[in-house]
Amino acid sequence: MLYHFEKGHTAAEAFRDLNKLFGEGTIGERQVRRWFNRFKSGNTSLEDEEGRDRPSDFDNQALLQAVEEDESLTTRMLAEQFDVAQSTIVRRLKKLGKVWTLVGWVPHELSNDNKAERVHLSKSTSPVLCHRR
């Protein structure tokens, strides 16, 4: 955000760029505006202010277990289930190495076993051919 501020970008531009770069829900527009107001006042420290850090009782393992049990859960559904902001779910899943695909939550990096399984599956299924009559 400080980079965007120093380059003369608006808070809205920084918000769009950061969410595009790090994933939707990474940061809220209000939070970016608060940081920009802080920078405008001359405070360019990137340290959180005293008292702003709330202790977290969020259970990463429970989140991981939830997405592994039901891969169809969206970040909105998870946010509701865990009673936290959607951006929190997005950040936590990213830290846990999970990314969303059309089939559900999968490891961000494929292991050698994952890769071998995909090759095996692709070789074992026969392509469907369509014929015109």
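1. Asp-83 sits in the loop between H5 and helix H6 (86-95); helices are DSSP runs of H or I, at least four residues, strands runs of E, at least two, numbered from the N terminus. Its phi is near 55°, a positive value in a residue other than glycine. Most residues other than glycine have a negative phi. Asp-83 counts as exposed because its relative accessibility is 70% (exposed is over 50%, with a 1.4 Å probe, protein chains only).

2. This is a predicted model: local features need pLDDT of at least 70, side-chain atom pairs pLDDT 80 or more, while totals for chains, interfaces and linings use all residues. Residues are numbered from 1 along each chain as its sequence is written, and side-chain values use heavy atoms, without hydrogens and water.

3. Helix H4 (residues 60-69) packs on helix H5 (residues 75-82) at about 135°, with axes 12 Å apart. Axes are fitted to C-alpha atoms over the stretch in contact, and angles run from 0 to 180 degrees between N-to-C directions. Ala-62, Leu-63, Ala-66 and Val-67 of H4 meet Leu-78, Gln-81 and Phe-82 of H5 (contact: heavy atoms within 4.5 Å).

4. Mean pLDDT of the protein chain is 79, and 78% of its residues reach 70 or more; pLDDT is the predictor's confidence in each residue, from 0 to 100.

5. Residues 51-55 have pLDDT below 50, with one contact beyond near neighbours in sequence. Residues 129-133 stay under 50, with zero contacts beyond four places in sequence. Where pLDDT is low, the predicted coordinates should not be read in detail.

Note on methods: Buried means under 20% relative accessible area, exposed over 50%, partly exposed in between (1.4 Å probe, protein chains only).
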